[in-house]
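Thank you all for coming. Let me put the structure on the screen, and then I will walk through it one part at a time.

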Amino acid sequence: MGELSVRRVRFAQRGGDRRAWGARPPRRGLLGRFFRDRTAVAGLFIVAAFALVAIAAPLVAPRDPTEVDATAILASPGAEHWLGTDNLGRDVLSRLIHGARWTLGTAFLAAAAIVAIGVAIGLVAGYFGGLIDDVLMRVVDVLLAFPSLVLALAIVGMLGPSLRNVMLGMVAVWWVDYARVIRGLTMSMRQREFVTSAHCVGAPAPHIILRHVLPNVIPSVIVLATLELGALMLAISGLSFLGLGAQPPTPEWGTMLNDGRLFFQRAPRLMLYPGLAITLVVLGFNLLGDGLRDVLDPHLRR
Amino acid sequence: MTRYLLRRLCYLVPVWLGISFVAFGLANLTPGDPARLMLQRDLGRQPTAEEVRQTRDELRLDAPFAVRYARWLGGAVTGDLGTSYRTGEPVARALLERFPRTLQIAALGLAGAILVALPLGMMAAVWRNSPVDHLSRVVALFSAAMPSYWVAYLLILAFAVRLQVLPVAGQGTWRHLVLPSLTLGLASTATLMRLTRSEMLNVLGQDFIRTGRAKGLSPRAVNLRHALRNALIPVTTVVGLRFAGLLGGAVIVETIFAWPGIGKYVLDSIFDRDYPVIQGFVVFMGSVFLLINLIVDVSYGLLDPRIRLAR
């Protein structure tokens, strides 16, 4: 389909542009190739910076993110509060810093579950084929028949609003992409000599899947996960923004945007900063994912 | 063409059954007893055990899963999606009543996106590595990363608060349509623009383009009649997918702009734990998505005879 050609053009074009530079050695290490892609390095830098902030949040944040200060309500940015305070007098910078923990953390956690489920199902369906594959792929078809937000929204709606339920909803819907991609890769891997020879010497299926197939699909998984982390983060904080995910006073970025709505005309910065933070991190993940794909797995879709 | 259409239609049946199964199964995720919840809402007090038992009987909640599913499916097929706990209104009617409003902003947003994305994507491809191309790449990167709910507020800030040319929220005049549609359309603009560009580049590299140029066709004829038409085939698919995505993603935009569409309705229902509405929403949106996919498939067949005749 179209995706194939998009990818081909994009790759050829990047490679082509580079070859035009001339005297570059044709083959370099993976790292070398990655670090020559300036936009990918920028992405890595953004992601690493936010991840560091998230990990070191209690050390970096000037104040407690939930500390209420009645004397400084909606204070403007200044020496005391670098990014000002919100409607309850809470320090916006501290909330943003701790928010990195919540927003990045939930996205990582959800992504880990999604990858585990999606990869396991993709490997099983792709390796065994037959009835198992048919059944699993019909499930995938049905889940793909919904716009992803609709089903996640409905799951959260049924379970009740909470960050945990938002993550559950995301996991229930998003593993499908991985399952499809990994299934395809596994099926093509099955035809390769090293898999058939392992099969011929009598290696049991679990051994072949874990030792021979899995290591070969991991690069694609890394690329796909990086590319989708940004979208996942947008979706989770979107649901939090609607009031379905993290509940106040949690300093999750989407929730902060939601909290800032009422005061948005008086203090637009309450909405500007968290939105900017989300945009930057998602941009970082997208750039990093594009770069990783070009290096690790130029054949992956999207 | 008829055979192609029939084959597509047959394929829809099992998928639709799957959708209905998911929608019905979702209701079993709800914490607590639906009968008790309903009574609490209606009576405004804790119901007695006897009342709960009676309501469970009336709703036939104690029947086996398969029986309840079959009964519910029978209703869904005939357009009966149950009644809202909150208003007692039939869910199907409530959804149908609000759907056109969601359709309105989604269609407008997408139309805007196409109008901007196709020419820009084409220019970016024809003048590759020109300033237009670089600019379109940067714009696409950022608009893919910006949360729509944030963009919505930036737009409100600019057009409704500072410039005061458009209303903040609500409905009534065409002015009320602008910001919600714009917010919805922006993200699709970037995707469609990049896709048009890469598809154009792909087509421009093919032999028949070289032939066209060699026989002396004007660049305009080559680009528009031969390249763009072929590039549009994959773009059509994505337009269809984006449209379905816009309908599903309208929840956020409708909430921000107080637009009384289907998304806002379902969000209100979620907070009111109005489960039949959520269930109905899932079936409804799933069916709409299937329909859109069917239309895309058919138009695909019309645009590209190779697909229709395959197999």
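In which loop of chain A does A:Pro249 lie? Before I answer, please keep in mind that what you see is a predicted model. A:Pro249 sits in the loop between H10 and helix H11, the latter covering 253–260 of chain A.

Let me step back to chain A as a whole. Chain A has 12 helices and 0 strands, and of its 302 residues, 54% count as buried. If we take the contacts in chain A between residues at least 6 apart in sequence, then 71% of them join residues at least 24 apart.

Next, let us look at where the two chains meet. Here 46 residues of chain A are in contact with 56 residues of chain B, and the area buried between the two chains is about 4,400 Å², with carbon and sulfur atoms giving 77% of that figure. On the chain A side, the residues that lose the most area to chain B are A:Met158, A:Leu242 and A:Phe264, which together make up 16% of what that side buries.

Which elements of chain A give two or more residues to this side? They are helix H1 (2–19), helix H6 (130–144), helix H7 (148–159), helix H10 (205–241) and helix H12 (269–296) of chain A. H12(A) gives the most, with 10 residues. Sorted by class, the side of chain A that touches chain B has 31 nonpolar, 11 polar and 4 charged residues. Across this interface of chain A and chain B there are 0 salt bridges, while 6 residue pairs are in polar contact, both residues being at pLDDT 80 or more.

Now I turn to an interface inside chain B. The domain assignment divides chain B into domain 1, covering 2–91, and domain 2, covering 98–303, and the C-alpha centres of these two domains lie 34 Å apart. In domain 1 of chain B, 24 residues are in contact with 20 residues of domain 2, and the area buried between the two domains is about 2,200 Å², of which carbon and sulfur atoms give 66%.

How many salt bridges are found across the interface of domain 1 and domain 2 of chain B? The count is 3 salt bridges, and B:Arg8 also forms a salt bridge with B:Asp297, where the closest N and O atoms are 2.5 Å apart. Helix H1 (2–26) and helix H2 (34–43) of chain B are the elements that give two or more residues to the side of domain 1 that touches domain 2. The largest share of that side, 11 residues, comes from H1(B), and by class the side divides into 17 nonpolar, 3 polar and 4 charged residues.

I will end with two loop residues of chain B. B:Gln164, in the loop between helix H7 (148–162) and helix H8 (175–204) of chain B, has a positive phi near 55 degrees although it is a residue other than glycine. B:Gln164 counts as exposed, at 61% relative accessibility. B:Arg273, which is not a glycine either, has a positive phi of about 50 degrees, and its place is in the loop between helix H11 (262–271) and helix H12 (275–303) of chain B. With a relative accessible area of 36%, B:Arg273 is partly exposed.

How values were computed. Residues numbered from 1 in each chain as written. Chains lettered and ligands numbered in written order. Predicted model: local features only at pLDDT ≥ 70, side-chain atom pairs only at ≥ 80, totals over all residues. Heavy atoms only, no water. Domains from an automatic or database assignment. Contact = heavy atoms within 4.5 Å. Buried area = accessible area lost by both parts, 1.4 Å probe. Salt bridge = Lys/Arg side-chain N within 4 Å of Asp/Glu carboxyl O. Helix = DSSP H or I, 4+ residues; strand = E, 2+ residues; numbered from the N terminus. Nonpolar A, V, L, I, M, F, W, Y, C, P; charged D, E, K, R; others polar. Polar contact = N/O pair within 3.5 Å; in protein donor to acceptor, adjacent residues only side chain to side chain. Buried < 20%, exposed > 50% of the residue type's maximum accessible area, 1.4 Å probe, protein only.
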